Each structure stands twice: as C-alpha cells, then as structure tokens.
Amino acid sequence: MPTVSAPAAPHSAATTPAQAGRTEPLVRFAGVQKTYDGEHLVVRQLDLDIRRGEFLTLLGPSGSGKTTTLMMLAGFESPTAGEIVLDGKPITGTPPHKRNFGMVFQNYALFPHLTVAQNVAYPLTVRKVAKAEADKRVARALGMVRLQGMDARLPAQLSGGQQQRVALARALVFEPQLVLMDEPLGALDKQLREQMQLEIKHLHDELGVTVVYVTHDQSEALTMSDRIAVIHQGRIQQLATPAELYERPANAFVASFIGENNRLAGHLVARDGDTGRVRLGDGSEVVATVAAGLALDAPVVVSVRPERVVIGEGEGPNRFPAQLIEVIYLGDHCKLRLRVAGSEDFVAKVAAASAAGWTRGAALTVSWPAQASIALPAGSKG
C-alpha cells in the first residue's frame with residue numbers, strides 16, 4: 001500500500017504568523033478504508049496528509065473514490081476502517097455541523113426564498129453572531145466575490161456564475177479553517193468555468209484558507225492546485241505538484257489521465273542511471289527517462305507529450321520517419337495524427353500556420369529530446 005504523506009511545508013502565499021513553525025498537517029487520513037457493501041472497497045488504505053493553507057485537489061475519473069473521500073472528511077460518510085485527524089485530534093465520530101468546514105457544491109444549494117445577503121449570512125445566524133458583526137462579514141464576503149450591490153436579490157435573479165459566487169461567499173463568511181469543494185464549477189460553461197477557476201485560486205492565495213477540491217477535470221486541477229492527488233480504483237496513484245505530475249508521472253494511468261500523451265510499447269534494453277534505451281515493437285529504439293525500479297528487459301510504455309514532438313530534424317537521439325494521417329484544426333494550433341514507429345495514433349501539436357500545405361500521406365520526420373519521454377511499467381494502470 002503506498003504511503004503518500006509528505007512533510008508539511010508552509011504555503012508560499014498563505015502561511016499566517018499563527019501558523020509559522022507549525023509543521024504537523026492540518027488533516028491526516030490514516031489507513032482509511034470505505035466499503036458500502038462489505039465486499040468492495042471504494043477507498044483502499046488511504047494515507048494522506050493535507051498541509052495547512054494548501055490547495056489540494058482530489059482528481060480522478062467517476063467511481064475512483066475521490067468524492068467518497070471528501071464526504072468522509074466532511075462527516076457525511078463514516079470510514080469503514082482507519083482514522084481521520086484534524087489539527088491533531090480524531091474527528092471520525094464528529095458530526096458534520098461540529099467540524100466547522102465551509103462547503104461548496106456543484107448545485108449551489110442556495111435557499112431560493114432568501115436574498116443573497118441572507119444566504120451568505122446563514123452560517124453566521126446558526127452560530128448566533130451578532131447582527132452588526134454579521135452584516136460586516138457579509139459585506140466583506142460579497143466584496144471578495146464581486147457581488148456588491150446584489151445583496152437584496154433572490155437566487156433566481158442571478159446567473160449561474162453569480163449563484164456560485166454566493167455559495168462561495170457563504171462558505172467563506174464564517175472564516176473556516178478548511179473549505180471543501182465538490183465539483184463546484186461543473187454546471188458552468190467553459191469560459192465562465194475558467195474565469196471562476198482563477199477567481200477561486202486568487203481568493204485562496206489572499207485568504208490562506210486550506211482548500212480540498214474534488215474534480216475529474218485535469219486542466220482545472222492543473223490550473224488551481226498546489227498539489228494534486230490522482231485517485232484511481234480507491235487508491236492514490238500519485239501525490240505531487242501539477243508540474244511533477246505532468247512531467248514525471250508515476251505510472252501509465254497518471255500519464256494518460258493528466259493531459260494527452262503518446263504511448264509506445266517496448267522493452268528496456270539498456271540503462272545508465274535515470275536514462276535508458278527502449279526497443280519498440282518495430283525494432284526501433286527510444287532514449288527516455290526511466291521510472292524507478294524498472295529492470296532490464298522489463299516491458300515498458302514510453303510516454304511522450306504531443307507538444308514536445310518536433311516536426312523536422314530536431315536535436316536529440318529520438319528521430320523517426322512519420323507519415324501524416326490527419327490534420328485536425330483547433331484554431332490556435334493543429335493536431336497532427338501520424339504513423340510513427342508502428343503506432344497509427346501518434347499525435348503532435350503544432351502552430352496552425354505550420355501545418356499549412358501539408359496533405360494526408362505526406363512524409364515527415366518527428367523528433368523529441370530524451371528528457372521529453374519517460375519509460376513507465378507496462379500495464380501500470382493503478
């Protein structure tokens with residue numbers, strides 16, 4: 001069972017004086033498991049530390065266990081085994097309303113009969129905060145999400161993006177130490193979704209609150225997160241920064257789930273430190289970074305990102321003849337589907353202007369540097 005806890009470190013923009021010198025995690029999952037039927041584990045032996053002030057995303061496909069993990073942290077589900085610890089104290093048996101977490105859901109969960117201000121004030125009303133203080137906090141929270149002047153409107157009078165801002169203000173108004181977000185932008189259109197991603201991230205940087213965010217959207221996770229836990233079949237496959245996940249995936253599942261990648265199957269035939277040679281099925285060879293633990297002659301999959309592929313004679317050891325199968329126009333760039341080293345679905349990304357005049361069947365040369373490819377264990381799906 002992989003242990004994914006890591007030493008806590010202060011968030012670069014979020015650590016407060018009160019947090020300075022505190023190295024223990026804010027939240028710890030220790031050996032947590034969850035089953036609904038007593039036979040199939042939805043979450044398997046989860047060991048995870050969440051640092052103070054960080055933006056941690058649980059990323060995975062449907063059914064991976066990410067939302068169940070969030071619901072156990074929120075208190076809406078109970079672990080079958082293991083312990084959840086908050087600030088050094090077990091909270092596994094603590095009911096949701098006593099955990100004092102902010103929550104933001106995809107469906108907003110606003111009270112339709114209450115005004116914007118009343119919706120945002122609701123957590124303060126429950127906590128019996130004095131009206132004058134509550135009014136100040138509501139005004140500040142609405143200002144943070146740019147909804148000044150809309151306090152008297154009803155939710156039905158707002159757009160989807162504005163309703164999501166109300167839900168975010170409500171989650172932040174009582175200054176929780178932890179905010180949980182479950183696919184909060186899933187109902188928004190692409191342009192508004194991307195705008196809200198940046199707004200939420202900027203708010204996180206400004207306030208220093210710890211955020212645990214659930215999504216199946218890779219680009220959303222890469223845009224917003226300090227660290228990402230990629231979950232598949234109830235296990236964390238890799239826990240790392242966005243750049244580490246993208247450039248150095250731990251296995252083939254992470255490589256295929258985080259962004260696009262080309263996969264070339266072969267065997268490791270030579271190794272020198274972190275670099276090795278992989279012989280592909282057609283007899284050609286690729287020089288690549290080699291994942292830890294791979295032995296000579298092991299079956300591997302070489303992952304190559306499409307944007308790292310150069311059309312024409314580039315530098316480095318990896319050069320292959322290619323045949324153009326298809327040009328897919330995407331506005332600012334084109335995807336080229338190529339026949340390379342026995343693969344019929346090898347993809348390169350190029351500027352749209354570069355593809356002008358190329359026709360199906362054209363003979364090309366593709367290349368990429370050794371450090372742009374990584375050899376991973378074959379069949380490492382998680």
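## Helix α1

Helix α1 (residues 66-74) is mostly covered, with eight of its nine residues buried. Here helices (H or I, at least four residues) are DSSP runs numbered from the N terminus, and buried means under 20% relative accessible area, exposed over 50% (1.4 Å probe, protein chains only). The buried residues of α1 are Lys-66, Thr-68, Thr-69, Leu-70, Met-71, Met-72, Leu-73 and Ala-74. Just after α1, Gly-75 has a positive phi of about 100°.

## Basis of the model

The model is predicted: local features need pLDDT of at least 70, side-chain atom pairs count only at pLDDT 80 or more, and totals for chains, interfaces and linings use all residues. Residues are numbered from 1 along each chain as its sequence is written, and side-chain values use heavy atoms, with hydrogens and water left out.

## Helix α3

In helix α3 (residues 131-144), Ala-134, Arg-137, Val-138, Ala-141 and Leu-142 are buried. They lie on the same side of α3 because they cover an arc of only 130° around the axis, the arc being that of the directions from the helix axis to the C-beta atoms. These buried residues pack against α2 (116-126) and α4 (160-172). The face turned away from the buried side carries the exposed residues Ala-132 and Lys-136.

Just after α3, Arg-146 takes a positive phi of about 60°.

## Confidence

The mean pLDDT (the predictor's confidence in each residue, from 0 to 100) of the protein is 89, and 92% of its residues reach 70 or more.

Notes. Helix = DSSP H or I, 4+ residues; strand = E, 2+ residues; numbered from the N terminus. Contact = heavy atoms within 4.5 Å.
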